[in-house]
Amino acid sequence: MAGPIDPPTLDLKVDDLVDWLELAALFDEFHVARLDTLIGSLLEQQETPEDDIGERDKKRDQLVEALENEVEKRRQALGGTYPFELSEAADELIVVGEWRETQFAFYLICLIAAHVTGSAILRTPPTGPMLTALRNQIFQIIATLGLAGLSGGPAFSVGWPRQQGESIIALLTRAAAAGGGFTVRNPAGPYTPPQEKDGGVDVIAWTPGDRPPPTAFFFGQTASGKNWTDKPVANHASTFQGAYMLDLMAGNLSHVTVIPYRVLDERDWNHLHQLHRAILDRLRLPVRAWQGLQLGLNGVAIDGADRVEELRTWLGDFYDYARAA
């Protein structure tokens, strides 16, 4: 198969198979991916005797049902931020409307980010400066908006590199003034490494209210790499708080890991919540980011709400790069 994606393989689970369909539709000239193309490719690879037509049809029906269920699960979870839909006959996955619209950028960037390294699908993942921008800027903006949507209140981007090279002390001073319910430790605590850039915390957010302290305070960490399961933010948050914050008055502290992936296995999903406390994955993050953007546009202090055009630009640049490769 020519183009930015590789043919599907039998090793792919249903979540990756739907990712394959989504990427195929995105890069198709008419933004359509046929389920028959995917299924036919997979059935050709299976070692089923050609005369066992009944078994072959059974496997096909089971696969079609699994694909339809996964697409429907994504559509229900993501609502208007999901840029795909099944045709009426359920034989095609179609891009909804104009895929470059902001409401779809959150999902599409997560989809691409999930296949940056070690992907069996994306033949031309972002590399070089495009990849650096994705990890250090683009996904950070989405995560900050996502935490704002989750908390319903202000959110500040702590992760390095910060906008305009702002120091942690300067950023936290700005956040405290916005009602974070803490005072800033200046200078930082004596055990803080001199060259520390962000203390392992990428986003802070809190619930809205008429006066501090907020009813809940959130520490968030972006994790766009495949090893995200080993990076819960809670331990980092504890040392971050000791190094940079005094008198954090909020009694309810929440911890959130922000990822671009779809966690399919229910047991893994539940186990990882025990470890990470809360997870914004690809079925949660786009909706929350869209909600956070609306809050920012209505005057809530949210870093990145004025930078969403960077998301659209990056997405368009990658699309052009991948199709031309």
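**View 1. The loop holding P161, in a predicted model.** P161 sits in the loop that runs between β4 (155-157) and α6 (168-177), where helices (H or I, at least four residues) and strands (E, at least two) are DSSP runs numbered from the N terminus. The peptide bond leading from W160 to P161 is cis, and its omega is near 0 degrees. Residues are numbered from 1 along each chain as its sequence is written, and side-chain values use heavy atoms, with hydrogens and water left out. Because the model is predicted, local features need pLDDT of at least 70 and side-chain atom pairs count only at pLDDT 80 or more, while totals for chains, interfaces and linings use all residues.

**View 2. A cis bond between P212 and P213.** The bond that joins P212 and P213 is cis, with omega about 0 degrees. P213 belongs to the loop between β6 (203-206) and β7 (217-222).

**View 3. P8 and L42.** P8 is found in the segment before α1 (14-27), whereas L42 lies within helix α2, which covers residues 35-45. P8 is buried at 3% relative accessibility, and L42 is likewise buried at 4%; buried means under 20% relative accessible area, exposed over 50%, and partly exposed in between, with a 1.4 Å probe and protein chains only. The two residues are 34 residues apart in sequence, and their C-alpha atoms are 6.8 Å apart in space. Apart from neighbours within four places in sequence, P8 is in contact with L17, W20, L38, S41, L42 and Q45, a contact being heavy atoms within 4.5 Å. With such neighbours again set aside, the contacts of L42 include T9, L10 and L63 as well as P8. By comparison, the C-alpha atoms of P8 and G220, which are 212 residues apart along the chain, are separated by 34 Å.

**View 4. The surroundings of T81.** T81 is placed in the loop between α3 (53-78) and β2 (84-86), and with a relative accessible area of 3% this residue is buried. The side chain of T81 reaches the backbone oxygen of L78 at 2.7 Å. When neighbours within four places in sequence are left aside, T81 is in contact with Q103, F104, Y107, P286, V287 and W290.

**View 5. R262 and its partner E70.** R262 occupies the loop between β9 (253-258) and α8 (266-276), and it is buried, with a relative accessible area of 12%. A polar contact of 2.8 Å links the side chain of R262 to that of E70; such a contact is a pair of N or O atoms within 3.5 Å, in which, within protein, one must be able to donate a hydrogen and the other to accept it, and residues adjacent in sequence count only if both atoms are side-chain atoms. Not counting residues up to four places away in sequence, R262 also touches others, among them D15, K73, R74 and D281.

**View 6. Positive phi at D247 and R277.** D247, although not a glycine, has a positive phi of about 55 degrees; this residue lies in the loop between β8 (245-246) and β9 and is exposed at 58% relative accessibility. R277, also a residue other than glycine, has phi near 80 degrees, and its place is in the loop between α8 and β10 (279-280).
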